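I opened a new page for this structure. My notes follow in the order in which I looked things up.

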Amino acid sequence: MEMAMGNNTEYMGRFQRDLKAQRFDIIVVDPLNYSIYARRRAFSDENNVWVKNVMEHILCNYQVDVVYPDDEIALYVPQSGEQQCP
């Protein structure tokens, strides 16, 4: 989040290329909900930067494998076949 909010384009570019190459076997994160918020909403800037620079790239290259709702954890694995993006 720090690199996304800081607009560290070199770091984010490397991270996004890793996601596109499906470098990671599994991604452990809270369940991803692709929502862009209006500027009047609290923390909208942070949310929108996260969605565009991180979440969008995860969801374009990985798919949810399992969700543990009680723990608010989801496991994402590389997509196979045609790329599905939000």
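**Entry 1: Ala-4**

I began with Ala-4, which is buried, its relative accessible area being 5%. The model I am reading is a predicted one. I placed Ala-4 in helix H1, which covers residues 2-5. I then asked which residues Ala-4 touches, leaving out those up to four places away in sequence. I found Met-12, Val-49, Asn-53 and Val-54. I also looked up Glu-46, which is 42 residues from Ala-4 along the chain. The C-alpha atoms of Ala-4 and Glu-46 are separated by 8.8 Å.

**Entry 2: the sheet**

Next I turned to the strands. I noted an open sheet of 3 strands, in the order S1-S3-S2, with antiparallel pairing. Its edge strands are S1 (27-29) and S2 (62-68), and each of these pairs on one side only. On average, neighbouring strands in the sheet are turned by 25° against each other, direction ignored. As background, I wrote down that strands of a sheet pair through backbone hydrogen bonds, either parallel or antiparallel.

Which residue in S3 stands opposite Ile-27? I found Tyr-76 there.

Helix H3 lies across S1, S2 and S3. I recorded an angle of about 95° between the run of H3 and S2.

**Entry 3: the disulfide**

How many disulfides does the structure hold? I found 1. Cys-60 and Cys-85 form the disulfide, with their sulfur atoms 2.2 Å apart. The pair links distant parts of the chain, 25 residues apart. Cys-60 belongs to helix H3 (residues 44-61), while Cys-85 is in the segment after strand S3 (73-78).

Is Cys-60 buried or exposed? I put Cys-60 down as buried, because its relative accessibility is 11% and the cut-off for buried is under 20%. Cys-85 has a relative accessible area of 42%, so I noted Cys-85 as partly exposed.

**Entry 4: rings**

Last, I checked the aromatic side chains. The structure holds 1 aromatic pair. Phe-15 and Phe-24 form this pair, at 6.5 Å centre to centre. Their planes are 40° apart, and the pair is tilted. I looked up the accessibility of each ring residue as well. Phe-15 is partly exposed at 22% relative accessible area, and Phe-24 is partly exposed at 24%.

Which residue lies over the face of Tyr-37? I found Arg-41 there, at 3.8 Å from the ring centre.

Conventions:
Residues are numbered from 1 along each chain as its sequence is written. This is a predicted model: local features need pLDDT of at least 70, side-chain atom pairs count only at pLDDT 80 or more; totals for chains, interfaces and linings use all residues. Side-chain values use heavy atoms; hydrogens and water are left out. Rings of Phe, Tyr and Trp (its six-membered ring) pair if their centres lie within 6.5 Å; planes under 30 degrees apart count as stacked, over 60 as edge-to-face and the rest as tilted. Buried means under 20% relative accessible area, exposed over 50%, partly exposed in between (1.4 Å probe, protein chains only). A charge sits over a ring if NZ of Lys or CZ of Arg is within 6 Å of the ring centre and within 35 degrees of the ring normal. Helices (H or I, at least four residues) and strands (E, at least two) are DSSP runs, numbered from the N terminus. Contact means heavy atoms within 4.5 Å. A disulfide is a pair of cysteine sulfur atoms within 2.5 Å. Two strands pair if DSSP finds at least two bridges between them. Axes are lines fitted to C-alpha atoms, for helices over the stretch in contact, and angles run from 0 to 180 degrees between N-to-C directions.
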